[in-house]
Amino acid sequence: MAVLQMQKIHICALKSDRKKILEELQRRGTVQIEDGKGEDEIFRKIDTGAERAESEKKSQAAQDALQVLGRYAPEKKGLLSSLEGKRELTASQYREGEESCARTDETVRRVLSLDRTIAEEHAARIRTETTIESLKPWLGLDVPMNYAGTSRTAAFVGTMPGQWKEEDILAAVAEAAPQLEAFSIEILGRDKDQTSLFAVCAKEEAGQLEDALRMNGFVRPQIHTDQTPAAYTADLEKEAEEHEKAAEAAVKELQALAGDRRDIEFAADYHSMQAEKYQVLGEMLQSEHVFFAEGYIPKQAGASLKADLEKKFVCEAELSEVPEDEEAPVLLHNNAFSAPTEGVVESFGLPAKGEVDPTGIMAFFYYFLFGLMLGDAAYGLIMVIGCAFALKKYPHMGSGVKKMLQMFLYCGISTTFWGVMFGSYFGDAVTVISETFFHRTVTIPALWFEPLDDPMKLLMFSFLFGIIHLFTGLGVKGYMLLKARQVMDFFCSVVLWYMLLIGLILMLLPSEMFASMAGATFVFPGWLSELAKWMAIIGAVGIVLMSARDKKNIAVRLALGAYDLYGASSWLSDVLSYSRLLALGLATGVIASVINTMASMLGDGIISAIGFTLIFLVGHTLNIAINLLGAYVHTNRLQFVEFFGKFYEGGGKGFRPFSAEKNKYFKFKEEN
Amino acid sequence: MDMSNLGLLLALLGAVSAALFAGIGSAYGVGLAGRAGAGAITENPDLFSKVLILQLLPGTQGIYGLLVAFVTLVQTGLLGGGAETMDTATGLMYFVACLPIAIVGLISAIYQGQTSVAAINVVTKKPDQFGKAMLFPAMVETYAILALLISILAVFSL
């Protein structure tokens with residue numbers, strides 16, 4: 001269990017090397033650059049906000065372009081492709097990418113503009129088609145839509161609301177303009193809302209006819225063209241086809257550009273790295289020719305970085321211890337067995353200054369408790385095989401996912417172990433299958449005992465494991481206090497508690513109440529009972545007297561001490577909380593048996609065997625999923641609430657080095 | 001009705017209540033969290049796996065109910081044959097033994113669903129706080145587990 005020791009690094013170099021040095025730092029990803037302090041006349045920070053925004057915009061554009069390509073030329077991806085991780089680039093491949101980046105930016109712009117073109121052409125086609133649709137009532141008209149008549153006649157093209165018959169219109173016009181005689185009306189079409197018509201009359205009477213028609217709601221159409229409706233429709237159809245073709249051409253070009261996908265991915269990451277570089281640049285102090293950067297670096301990486309920088313560039317790098325009043329960022333470093341659970345610790349909170357990293361000690365309990373809750377050998381093996389397969393097949397997966405899978409791999413091993421101990425292989429599948437299909441009873445006996453036969457026994461052992469877990473937590477607290485040389489605190493809040501609790505437990509064990517619950521009797525020699533009694537008394541009295549020893553007022557001190565002693569009840573509830581080990585362990589086994597029983601109800605025979613297999617597969621898949629979730633959540637809970645509650649607060653700040661870690665698509669191949 | 005089977009009927013009533021009420025509670029809780037989850041996904045589809053875990057948390061009560069129901073059916077011989085008669089007192093005892101998970105299962109699943117909704121809200125705003133957000137619904141679950149424990153121990157000891 002370890003928190004990596006940090007050092008401070010101060011780098012002073014020529015401004016002409018600035019870009020190269022920053023890139024070197026970013027590629028290595030081992031330094032967390034701090035905001036420079038102490039600006040003066042000579043050393044100033046420069047504002048890089050504009051450059052940073054520009055780079056972020058370019059990165060965003062590249063990501064948008066990738067989305068567009070994904071829409072028109074989707075990439076074929078496997079089910080587990082998210083495990084593939086980022087591509088690895090060597091430094092020279094990175095150089096090549098950087099050189100062609102301007103061209104890629106051009107491609108990105110082209111992709112985005114093609115996307116806009118497609119949208120515009122599509123909208124134009126829809127507009128055209130709407131016009132064609134609205135021309136349909138006029139197709140019977142063989143003069144242009146805006147036809148006004150001959151030299152002697154006036155013509156009207158338009159619609160009237162509602163469904164009109166020719167004689168109705170004639171009657172309505174006659175009523176509105178009785179003296180009008182020489183006119184003719186032709187109905188062109190009719191739908192449920194309106195009637196389209198063509199009217200003609202002598203030129204000098206045009207006003208009268210128009211007025212008469214308007215009184216009945218006549219309006220001229222919204223379509224303006226010099227062509228006849230049929231000719232116009234033909235033209236529009238051609239136009240719609242052209243829009244369609246333009247959109248298709250744009251899609252084709254996009255699909256051709258999909259070949260540049262890798263370059264665009266590079267550009268997205270490259271520009272976001274640039275943006276981060278500009279941010280760091282804005283935090284550094286710079287004079288006319290020199291710049292100055294400071295930050296944190298893990299101790300073991302310090303010397304080699306210093307040597308490399310000083311060899312490659314004209315620069316001075318200095319390493320120093322982190323000052324007492326500064327809180328260094330935290331980076332966890334653990335062995336292969338416990339490192340996978342670092343994610344669990346991180347999700348609770350990294351160790352604050354002065355706290356130990358609980359990962360190492362937690363990892364063992366994590367695997368242990370997880371396995372106990374899932375507790376089925378077959379389920380465990382499935383987890384082991386699944387995780388091992390994914391880890392082997394996708395070696396480049398992200399470190400977070402990798403740790404998670406490794407964690408479940410170890411949890412799977414523990415699950416298998418407990419499954420063998422409890423004799424559970426897909427629940428009681430072996431027994432059920434042998435009885436149903438082979439009419440013989442075959443059972444794989446449990447190595448230890450079957451929880452369903454004796455749940456009280458497992459409950460007692462759950463409490464025992466809980467007490468061990470909690471005492472370990474208290475022990476770690478003692479270790480931290482001793483390390484900080486707070487011997488008095490160590491005595492009062494650790495030793496006295498151990499005495500009280502061990503005394504109480506030893507007093508409980510031989511009691512009748514315990515015997516009737518656990519079905520086992522403990523007989524202690526007299527001196528041990530006496531010792532237990534005195535341990536508990538000294539512990540309790542000590543806690544009352546000592547826990548508020550910083551208070552001057554004796555009454556307040558005793559009252560607070562008594563309140564602290566009341567905390568013993570929280571130990572009781574903490575221990576009871578471990579009963580979930582039994583409950584969840586039973587849940588897995590019993591639901592597995594339910595599935596097996598249901599499957600076996602079909603009886604013997606070929607068809608039944610097929611049905612059995614189906615129910616078996618679906619049922620156990622569900623059971624694994626649900627109980628895996630339960631075991632994960634409740635293992636976390638026991639660690640976070642019960643275990644960490646005894647000693648660990650967290651609250652440290654994580655180490656966030658200046659690096660290419662945030663990249664989505666590529667990472668640097670390690671070369672040194 | 002033939003009163004000699006009243007004991008068996010009571011035992012069955014207990015088993016059925018366990019599955020029934022705990023199941024209803026879980027259905028409500030998971031449904032509630034699911035609606036909040038669907039909203040969260042429209043904002044940020046990457047949160048799917050985290051939100052799904054939070055949604056499923058109130059689902060366990062239904063499983064505990066099933067567990068107690070199944071154990072009761074097996075113990076009384078209703079499942080797997082051998083159930084003939086049972087005296088009323090024993091049947092009533094089975095019924096009472098099933099009550100903790102039936103009642104606590106129903107109520108805790110509803111509250112756990114509401115807590116899950118709150119936890120989903122946390123995750124949508126701060127996806128990196130998933131570990132802590134998950135703890136709040138898990139706290140509610142403790143009482144369902146305690147109820148399950150008592151029901152199971154009672155049924156086994158009958």
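Analyst: Two strands pair if DSSP finds at least two bridges between them. Helices (H or I, at least four residues) and strands (E, at least two) are DSSP runs, numbered from the N terminus. This is a predicted model, in which local features need pLDDT of at least 70 and side-chain atom pairs count only at pLDDT 80 or more, while totals for chains, interfaces and linings use all residues. Residues are numbered from 1 along each chain as its sequence is written, and chains are lettered from A and ligands numbered from 1 in the order in which they are written.

In chain A, 3 strands make up an open sheet with the order E4-E6-E5, and their pairing is antiparallel. Strand E4 (153–161) and strand E5 (183–190) of chain A each have a single partner strand and stand at the edges, so one side of each lacks a neighbour in the sheet. On average, neighbouring strands of this sheet are turned by 20° against each other, direction ignored. (Axes are lines fitted to C-alpha atoms, for helices over the stretch in contact, and angles run from 0 to 180 degrees between N-to-C directions.)

E4(A) is joined by 9 bridges to strand E6 (residues 194–202) of chain A, and the two run antiparallel. A:Val157 stands opposite A:Phe198 in E6(A).

Helix H6 (residues 206–215) of chain A lies across E4, E5 and E6 of chain A. Its direction is at about 160° to E6(A). Contact here requires that the C-beta atoms of two residues, placed from the backbone, lie within 7 Å.
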